[in-house]
Amino acid sequence: MNNDWRARNHPAYWAFVVHRASGVLLTLFLPLHFWALGQALTGEEKLESFLRWSDQPLVKIAEVALVLLLAAHMTGGLRLLALEFLAWRDWHKSLLSVAAGIALAAGLLFLLNLY
């Protein structure tokens, strides 16, 4: 077993961690999302109650975090696809930066759109 911890300081390792963690967190979010959509089917009053609850500041912050998770997972996945199918592997660190920048930009744009 190799206990070389230097690999964990590499940016690609942290891109791996962010991609996997965002995937797990998005998977945990899906049942809540489907429940919220189900509220629309059970009646207007229940849906309206849920929508009023979703206007709370903490829920708005969670929405921004969700958009960041989605953007991080998507850009991380696109980075992995580029590494698999394109020949320019020397740009590995640049892809990490671009993926992180796009994810942050998406989250900030969503945040600006909220207020």
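In which helix is the place of Leu108? Leu108 belongs to helix α4, which spans residues 92–114; helices (H or I, at least four residues) are DSSP runs numbered from the N terminus.

The structure is a predicted model, in which local features need pLDDT of at least 70 and side-chain atom pairs count only at pLDDT 80 or more, whereas totals for chains, interfaces and linings use all residues. Residues are numbered from 1 along each chain as its sequence is written, and side-chain values use heavy atoms, with hydrogens and water left out.

**View 1. Leu108 in helix α4.** Leu108 counts as exposed because its relative accessibility is 52%. Here buried means under 20% relative accessible area, exposed over 50%, and partly exposed in between (1.4 Å probe, protein chains only). Between Leu108 and Val64 the C-alpha to C-alpha distance is 8.1 Å, with 44 residues separating the two in sequence.

**View 2. The aromatic pair of Tyr13 and Trp14.** Four aromatic pairs are present in the structure. The pair of Tyr13 and Trp14 is edge-to-face, with 5.2 Å centre to centre and 80° between the planes. Rings of Phe, Tyr and Trp (its six-membered ring) pair if their centres lie within 6.5 Å; planes under 30 degrees apart count as stacked, over 60 as edge-to-face and the rest as tilted. Tyr13 is partly exposed at 25% relative accessibility, and Trp14 is partly exposed at 46%. Together with Phe16, Tyr13 and Trp14 form one aromatic cluster.

**View 3. The aromatic pair of Phe50 and Trp53.** This pair is tilted, with 5.6 Å centre to centre and 35° between the planes. Both residues lie in helix α2 (residues 44–53), three residues apart, about one turn of the helix. Phe50 is buried, with a relative accessible area of 16%, whereas Trp53 is partly exposed, with 43%.

**View 4. The salt-bridge network of Asp55, Lys60 and Glu63.** Two salt bridges are found in the whole structure, a salt bridge being a side-chain nitrogen of Lys or Arg within 4 Å of a carboxyl oxygen of Asp or Glu. Lys60 bridges to Asp55, with 3.8 Å between the closest N and O atoms, and the side chains of Lys60 and Glu63 meet at 4.0 Å, N to O. Because Lys60 and Glu63 are three residues apart in helix α3, about one helical turn separates them. Asp55 is exposed at 53% relative accessibility, and Glu63 is partly exposed at 25%.

**View 5. The largest pocket.** The space in this pocket is about 440 Å³. A pocket is an open set of points on a 1 Å grid over the protein atoms alone, where a 1.4 Å probe fits, with protein on both sides within 12 Å along at least five of seven lines; lining residues have an atom within 4 Å of a point. The volume is the space filled by probe spheres set on the points, which are joined across faces, edges and corners. Of its 16 lining residues, Phe29, Leu32, Val59, Glu63 and Leu66 lie nearest the centre. Helices α1 (11–42), α2 and α3 (57–85) each supply at least two residues of the lining, and α3 gives the largest share, six residues.

**View 6. The second largest pocket.** This pocket has a volume of about 210 Å³. Among its 14 lining residues, Val18, Ala72, Leu96, Ala99 and Ala100 lie nearest the centre. At least two lining residues come from each of α1, α3 and α4.
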